[in-house]
Amino acid sequence: MEKELVKFLDLKAVNEAYRLEIDEAIQRVLDSGWYLLGEEGVAFEEEFAEYCQSKHCLGVASGLDALILILMGYRELGVIEEGDEIIVPANTYVASILAISRSGLIPILVEPDEQTYNIDPALIEEAITERTKAIMAVHLYGQCADMDSINDLARKYDLKVIEDAAQAHGATYKGRRAGSLGDAAGFSFYPGKNLGALGDGGAVITSNKVLADAVTALRNYGSFEKYFNRYKGMNSRLDELQAAILRVKLKNLDADTDKRRQVAESYLVNIKSASSDLTLPYIADYGKHVWHLFVIRHPNRDLIAARLAEQGIQTVIHYPIPPHRQEGYPELHNLSLPLTEILHQEVLSLPISPTMDHVSIQRVIEAIKKSLV
Ligand SMILES: *Cc1c(COP(=O)(O)O)cnc(C)c1O
């Protein structure tokens, strides 16, 4: 008998759990006759700022835009100038780096820590130059970067700390949530993220009122007042429909995260000693992981992925090509980043989501054990 596929992420099921409330939210916006920069957006911004233990939230069109708007804001405020350098982990999703180059700035790639896959704080100092203005810390896969070390260096060299929190809604570091761990943070509400909209969306989080004001204008053509342009801004707003839907999902985010933790826990306990070549995710003791992705590492990654596929288990590679090897970044091709390069050959993401049932979890565990022999 053909077994049902265990999907990497069943987005339909994830949203189905909230169908009634999402339907209501959509009706509310439809009936309001107001579709951009209205009550739903403001309410979501207040709720998400509070959730992130920060002061200000600005809804924007995507996670990439959130990061671009933070950098544009700092440029308008004279904190960062064209051609300045921003330190960023080499193994991040390319969007972190796109935000830097899109903003007329130079990404300086630093290798990750081999255990957490987050930027290695011990390698940051040697990458700092006269032109360095900020460190972009990415909380990759849902686990916070080592923020105390990063913030200490930032203080020493007078740098801004920007969190790319696109994969880390609700993750904590020493009891504080992602979004409150640096000067400003960018979040994504891409449908597959832990807090996902039914389309694109993002947010800038900061406790800095001056930066928040600049971003408020920059996301709306650079205007504080209609038809008066303080800055050369862009159109990057979170629409009312997505904001209303995100309010429903935000209320349930912690419960969903707990379900992800249960899946991760089952994998960690049951796959533990399957093979000495297999590396399971490492959990740093400084915070709480939100398991956007459950990433294993194995020297024969492609073979494992193929064997899992034969057994009906869908996996994904995050990410197959490192940013400095991408066609769009010829200026980075001469970099040598051995750990980043090997990680891209060896990582594999197993299915994880709040709606995964016990049977699917067991099937993944059994399939992994079979694939390793
Ligand atoms: C998803 C993601 C982004 C970009 O967010 P979008 O909403 O897709 O633009 C940026 N950084 C990281 C680490 C991401 O995972």
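Which residues in α3 meet which residues in α8? From α3 they are E39, E40, G41, A43, F44, E47, F48 and Y51, and from α8 they are E240, A243, A244, L246, R247 and L250. Contact here means heavy atoms within 4.5 Å. Helices are DSSP runs of H or I with at least four residues, numbered from the N terminus.

A note on the source: this is a predicted model, where local features need pLDDT of at least 70 and side-chain atom pairs count only at pLDDT 80 or more, while totals for chains, interfaces and linings use all residues. Residues are numbered from 1 along each chain as its sequence is written, and side-chain values use heavy atoms, leaving out hydrogens and water.

Back to the pair. The axes of α3, residues 39-51, and α8, residues 240-251, come within 8 Å and cross at roughly 35 degrees. Axes are lines fitted to C-alpha atoms over the stretch in contact, and angles run from 0 to 180 degrees between N-to-C directions.

Next, α4, residues 63-76, packs with α5, residues 94-102, at about 35 degrees, with the axes 9 Å apart. L64, L67, I68 and L71 of α4 make this contact with A95, S96, L98, A99, I100 and R102 of α5.

Now the ligand. The residues around the ligand include L64 and A95, where near means a heavy atom within 4 Å. There are polar contacts, that is, N or O pairs within 3.5 Å. A polar backbone atom of G63 is 2.7 Å from a ligand oxygen. For D164, a polar side-chain atom is 2.7 Å from a ligand nitrogen.

Terms used. Helices (H or I, at least four residues) and strands (E, at least two) are DSSP runs, numbered from the N terminus. A polar contact is a pair of N or O atoms within 3.5 Å; within protein, one must be able to donate a hydrogen and the other to accept it, and residues adjacent in sequence count only if both atoms are side-chain atoms.
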